[in-house]
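Hi,

Here's the structure I said I'd pass on to you. Have a look at it first, then read on for what turned up.

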Amino acid sequence: MAKMFLNELIINNAAPIVDWDLFWSSLGPMIEGGIKNTIPLTLISFACGLVIAVLTALARISTSKILAGIARVYVSAIRGTPLLVQLFIIFYGLPNLGNAFVLDPFPSACIAFSLNVGAYASEIIRASILSVPKGQWEAGYTIGMTYRQTLFRIILPQATRVSIPPLSNSFISLVKDTSLASQILVVELFRRSQEIAARTYDFLQLYLTAALLYWIICFILSIIQGRIEKRLDRYVAK
Amino acid sequence: MLISVKNLHKSFGDLDVLRGVDLEIPKGNVVAIIGPSGSGKTTFLRCLNALEMPNKGTFSFSDGFELDFARSPKKEEILKLRRKSGMVFQSYNLFPHKTALENVMEGPVIVQRKKKEEVRVKAEELLKKVGLAEKMHLYPHQLSGGQQQRVGIARALAIEPELMLFDEPTSALDPELVGEVLSVMRELAKEGQTMAVVTHELKFAEDVADHVMFIDGGVIVEQGPPEEILKSPKEARTKQFLDRVLNPS
Ligand SMILES: Nc1ncnc2c1ncn2[C@@H]1O[C@H](COP(=O)(O)OP(=O)(O)OP(=O)(O)O)[C@@H](O)[C@H]1O
Ligand SMILES: [Mg+2]
């Protein structure tokens, strides 16, 4: 029985395991999708997300109960809901509120991913600010610095070093998460592979190719991550 | 009087750590603060530059500047107070991402907004004075404890404080490194720098201090010239403490 099933499989997949022509011809559109959408989406969302994250982290450690409360609710809501659902709410859901809320796929994705990075990275930044010894704040104060001067000149540079490894991980996750944008019609790397697969039925090969491309991007990023960490080594209190 | 402290109170929750401390420091004097562990020495020093906010008490400076902690002072007043004093910490607390020179320059450049070139010249002089002319471009983690503490002293001096505060500046150091820090402090005292020093180095207190204050349980038990307090204390608690420090076993 098992043998018969196996035979059938082999017969049905008589085609060569890798169709090299398809491989080379599919690379172009996928890389184009990567360059035109995946990478810009990642960079824009990460940059906006970091700004949101720093502000949220500062709100959370601030003495204002209201600011801290708002920041908390925001982080909790984003972390407690699936990214895919957030994308659908912004792209498919918001238009129900009126024409002003109809957004193109790319900006919709940017908003969703920025909010996402903002929430997750704010926790990283908050923890890294709190990891700087209290004595560093005090040393800033005793030479007459204000809260703001101490924060920006003394605390954040040290917190940055602490937060680089987890933030790089967030960045690498973001690269992969942008594939979800294919679900709201952003023609990025993965959507290109889906489009080609829909024509040729070579699902396995095309999705593997997409996976390979993501892997290469992330591999390069992890090398850059290592370099940055080495350079920032002296920023840690020892 | 450079500064007079009156009726200083500080509590942490239910714990009354300082219960009415009065102290006057004449300009150019060195006050040594001694007392058993947990008696409130660090807290007292930290109150002097509002790292801890006193619950009650007043500070008055010779230039007429006054702070009354009973009515919570404004931010600007706190900043003004802090800019009058420099603090040297037991654990140095140097900025690890800045070189020795940058550590020293930070206050004058960022807080006092002086010109960088001028500050650099002065900072280099200060580092020379604490014996670190060769080390000024090194980062804190490249320096020994004694060297780090001397950078700490130079950093505090850089803002030209009227009053220098030292909280057990040598107690985190290996014994062979204590001398180099104390000798810098002796030098400062000789130059007429007003200082308040929490210390366990009784020899140093005896040699350098003009005034010794023994604090226990959040009150000043006894104060006076060093020969009086350290050699012939009147209070039983002072005697007991000195006995324990001089004959540990
Ligand atoms: N931030 C704080 N919160 C609560 N209690 C504190 C705090 N800081 C100090 N205390 C308490 O206040 C008391 C006095 O502490 P302080 O550090 O001033 O003592 P000290 O005389 O400097 O002692 P040592 O010689 O051990 O340094 C101690 O009982 C300490 O536990
Ligand atoms: Mg202490």
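Let's start with the largest pocket: the element that gives the most to its lining is α2(B), with five residues. Keep in mind as you read that this is a predicted model.

The volume of that pocket comes out at about 780 Å³. It is lined by 25 residues, and the closest to its centre are A:Thr63, A:Trp137, A:Tyr141, A:Thr146 and A:Tyr147. Which elements give two or more residues to the lining? In chain A they are α2 (20-61), α5 (105-131) and α6 (134-142), and in chain B it's α2 (75-84). By residue type, the lining splits into 16 nonpolar, four polar and five charged.

Now for the place where the two chains meet. Here 22 residues of chain A are in contact with 24 residues of chain B. Together the chains bury about 2000 Å², with 61% of that on carbon and sulfur atoms.

How many salt bridges are there between chain A and chain B? The count is two. One that you can look up in the viewer joins the side chains of B:Arg46 and A:Glu138, at 2.6 Å from N to O.

On the side of chain A that touches chain B, α6 and α7 (147-177) each supply at least two residues. The top contributor there is α6(A), which gives eight. That side of chain A is made up of nine nonpolar, eight polar and five charged residues.

Cheers

Key
Residues numbered from 1 in each chain as written. Chains lettered and ligands numbered in written order. Predicted model: local features only at pLDDT ≥ 70, side-chain atom pairs only at ≥ 80, totals over all residues. Heavy atoms only, no water. 1 Å grid on protein atoms, 1.4 Å probe; cavity = no way out; pocket = protein on both sides within 12 Å on 5 of 7 lines; lining within 4 Å. Points joined across faces, edges and corners; volume = space filled by probe spheres on them. Helix = DSSP H or I, 4+ residues; strand = E, 2+ residues; numbered from the N terminus. Nonpolar A, V, L, I, M, F, W, Y, C, P; charged D, E, K, R; others polar. Contact = heavy atoms within 4.5 Å. Buried area = accessible area lost by both parts, 1.4 Å probe. Salt bridge = Lys/Arg side-chain N within 4 Å of Asp/Glu carboxyl O.
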